[in-house]
Amino acid sequence: MVHVEILPDSQGLHAERVKIVTNISSPAGVGPLKELEGHIAAGAIHNSDERCDAPKCQPETRVAVQNDLYDWILDGDGASESEYPKKIKWVTGPAGCGKTAIMGSLAGRCATNGVVGATFFFASWSASMGRRRKTAFVTTLASQLAEHREDLKNAISNAIEKNPSVFKKNLHAQMEILVLAPLREVALQSDRPQLRGAIIVDGVDECEAEQYHDGSRAHPPPARTNEQDQLEILQILLAVSSDPSFPFRILIASRPERVFRTFFDPPNIPTPFAHKLDLHKDYDANADITLFFEVQFNHLRRRYNFPPSWLPPGTIQTLVENASGQFIYAATVIRLLETAHQDPPEALLKAILAMGATLKTTSNPLKQLDALYSHVLESSPDPLLSVRWIRSIKELNRYISRLSWASNVHLLLQTDPESNEAEHLLGNLHSLIRIPPPSDQATTKYDFYHKSLFDFLEDPTRCGNEQNLYVEKKEIEVFKWDRFIQACM
């Protein structure tokens, strides 16, 4: 309780009515937009520092798909577009086909040309809770829209002042208060140019369920599923796109999981969506992957002073066939050749080509990627222990902040604090893991290049047969607790 004295030294003062006006909508000294900033997921924005190493398209690659999407942002479906334009487009494709790289490059292009409204890049592997869950989704979009134009900024600021509890409301209410109402207000000002551009949302399939716990209830409701929260985001975006005052087009990128197929492709029902773009079916990625390999092998040749003929004949063609349209395979091959600490690039490349030759008869496009991941992990002195470390690091990154800094991970997981077990186990795995240099390990986390690594490690049918790299989740929990107890002794 705060004790307040009013005119403590006054004498003989008589008042019939005293009116005290206070502003309790924001903490002292904090304006509405500053409060909004405290509720966003800054790392989810396309140009955030957290995404400084995020995948981008190699120059001159994925040009056709980027141009098609950019043209749709500007002009929609062109002459075929009806009086009621379809403002949402789904971009889909399997893991590793380059969705995030395309969305990131497209967002940069839109920002350069002044046609980006807002972006949000979900990431299930991120140490930032805001990038893994829906909580900060609407607030992050609204924060970016507030930077768009002064009148929109003022409208959003006023909306927060009038609705101080908005940050405790559900996403539908937040979208109405923080986005739609300000846009309607701005739309009434006919003397201002019309807003336009794109809302780009990537990785919605990686959004994890927000759980709400009420200990007072004898029979709490069942836990929410990831699919429920993902569907909620889709429904909110559909609702906002249907409002006449909403001027932006929305691009949603995800894997073709069931909740998305059902939402965007309901059988025998006309949809309010633009024609979907399937990166695996609608575009042949082989030419782009070929160009990627050509550029990267030239970099390697100059770096190591190799002769122009250092690549065996047919190398690039073979690797492109092995990739099966998956850019993540190509990117992992190049990172492996660039970061190898022991084997020379020629020897590693020979091993990769030989490994691919043994799998030529398979029709499963993941087999080549699985074999590549297995090959890299088996370069660790103890592959199974390195897998335990990798999956433990992922869990620590998800739930704990400072404890997941690399130096603290070492204290927790190493059997001997003075040992160099981390470097011993992970030193050959730089093509899969971003390992901070020793000088930064006290303030920097381990990071991973692509979610497909965990798709592989958590699926016993992919890593548990010949590879013998599968570790059950309960074993990971036991491993973490055993190491924690040892660290405390």
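**Close-up 1. Strands β1 and β5 side by side in a predicted model.** Strand β1 (residues 88-92) pairs with β5 in the parallel sense over two bridges; pairing here requires at least two DSSP bridges between the strands. Thr92 has Asp278 in β5 as its bridge partner. Strands are DSSP runs of E with at least two residues, helices are runs of H or I with at least four, and both are numbered from the N terminus. This is a predicted model, in which local features need pLDDT of at least 70 and side-chain atom pairs count only at pLDDT 80 or more, while totals for chains, interfaces and linings use all residues. Residues are numbered from 1 along each chain as its sequence is written, and side-chain values use heavy atoms, with hydrogens and water left out.

Close-up 2. Follow the order β2-β3-β4-β1-β5, where the pairing is parallel. At the edges sit β2 (116-121) and β5 (277-278), each pairing on one side only. Helix α5 packs on the sheet and touches β2 and β3 (198-202), its direction making about 150° with that of β2. Helix α8 lies across β1, β3 and β4 (249-254) and runs at about 165° to β4. Contact means heavy atoms within 4.5 Å; axes are lines fitted to C-alpha atoms, for helices over the stretch in contact, and angles run from 0 to 180 degrees between N-to-C directions.

**Close-up 3. The largest cavity, with its nonpolar lining.** About 50 Å³ of space lies inside this cavity, whose lining is nine nonpolar residues, no polar and no charged. The lining residues are Leu141, Leu145, Met175, Val179, Ile199, Leu237, Val240, Phe246 and Ile250. Helices α5 (137-146), α7 (171-187) and α8 (226-241) each give two or more residues to this lining. A cavity is a set of points on a 1 Å grid over the protein atoms alone where a 1.4 Å probe fits but cannot get out, and lining residues have an atom within 4 Å of a point. Grid points are joined across faces, edges and corners, and the volume is the space filled by probe spheres set on the points.

Close-up 4. Ala, Val, Leu, Ile, Met, Phe, Trp, Tyr, Cys and Pro count as nonpolar, Asp, Glu, Lys and Arg as charged, and the others, Gly among them, as polar. Helix α13 (residues 327-339) gives the most to this lining, with three residues. Among the lining residues are Arg335, Tyr373 and His450.

Terms used:
1 Å grid on protein atoms, 1.4 Å probe; cavity = no way out; pocket = protein on both sides within 12 Å on 5 of 7 lines; lining within 4 Å.
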